[in-house]
Amino acid sequence: MRPFQYDRARTLTDAAQITQGEDAMAIAGGTNLLDLMKLQVETPRQLADINRVGLGEIADTDDGGLRIGALATNTATAVHPRVRADYPVLSRAILAGATQQLRNKATTGGNLCQRTRCFYFMNIDQPCNKREPGSGCGALDGIAKLHAVLGASGECIATYPGDMAVALSALDASVEINGSDGTERTVPVRDFHCLPGDTPWRDNVLEPGEIITAVTLPAPGGGTQLYRKVRERSSYAFALVSIAAIVEMEDGVFTRADLAFGGLAHKPWHDPRIAQALVGNAPSAELFDRAADVLLEDAQGHGENDFKIPLARRTLHAVLEQASEDAA
Ligand code: SF4
């Protein structure tokens, strides 16, 4: 690990001022950043510890939703009574990720900003356009089992590794962001992460000095909420494919079908055409196939991860079958 200066921010303004420096970063739980620093993938000269800036509260909003502070731990969020009652897909997604010890430290903001676990990204001896722009993408002709089949580019085929954000995407949550000049902006979580395109080093829309302050969930609707994660072992593994689903039915037809997918792309994948294909129709194997056709229309494997395309189809079938039975 390279030497760095450590500063403890007391206020959001302190934190923003420190982190607008070129080689400065904010640290909260540190569950991803410290690993990357040990591997010298991240080499900040200055760290602003933001754990004392008071962003850990989880509180009701005036419109019946829920505001989760950026420093609320994953454990605190997953066990919060309102999350369990009104947003169970979020609780399930968080509990499907990492381990209890990591969830006790990991925070809402940090979880959104976690970086890909691509082998080449994590090894500084390997070519990686995300870590070192212009060096090439080792995964394109290499180890690519965990990699993207949707929305990738010739520059990068990495996946976003998290579970929480997949549920937040299905729930249509918003991310509150504070700038170094005190300005605030709100971004739909569906627009927070970027596709790699020709700027694969850019994971999300945060600008230097900007800090996530909270995630806001809209007022809950009814229906059934599911999170299904397919992985190589039953705990402490990243998703090969995951699906967060919020489904409502009336008179035997879908009236709501908000789905988001993990493990398939550089961001939690949300395609509004899937809801359009499902809503107004009765569940059937043919309908589930049509939804999968929409999801996978532009899917492209890269050898080792070709299996993800049929796996995503089968997982979508299974989730829609279970959700429609539960919601009926
Ligand atoms: Fe780097 Fe992305 Fe290629 Fe992985 S897939 S080696 S993160 S450029």
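1. Basis. The model is predicted, and local features need pLDDT of at least 70, side-chain atom pairs count only at pLDDT 80 or more, while totals for chains, interfaces and linings use all residues. Residues are numbered from 1 along each chain as its sequence is written, and side-chain values use heavy atoms, with hydrogens and water left out.

2. Overall form. The radius of gyration of the protein chain (taken over C-alpha atoms; the globule rule is 2.2 Å times the number of residues to the power 0.38) is 20 Å, which agrees with the value near 20 Å for a compact globule of 328 residues. The C-alpha trace spans about 60 × 50 × 35 Å along its principal axes.

3. Secondary structure and contacts. The protein chain has 12 helices and 11 strands (DSSP runs, H or I of at least four residues and E of at least two, numbered from the N terminus). Among its contacts (heavy atoms within 4.5 Å) between residues at least 6 apart in sequence, 63% join residues at least 24 apart.

4. Burial and helix 5. Of the 328 residues, 53% count as buried (under 20% relative accessible area, with a 1.4 Å probe and protein chains only). Helix 5, residues 88-95, has 6 of its 8 residues buried, so it is largely enclosed by the rest of the structure; the buried ones are Pro-88, Val-89, Leu-90, Ser-91, Ala-93 and Ile-94.

5. Ligand shell. Of the 15 residues around the ligand, those that come nearest are Cys-118, Cys-128, Cys-137, Cys-156 and Ile-157 (a residue is near if one of its heavy atoms lies within 4 Å).

Methods:
Buried < 20%, exposed > 50% of the residue type's maximum accessible area, 1.4 Å probe, protein only.
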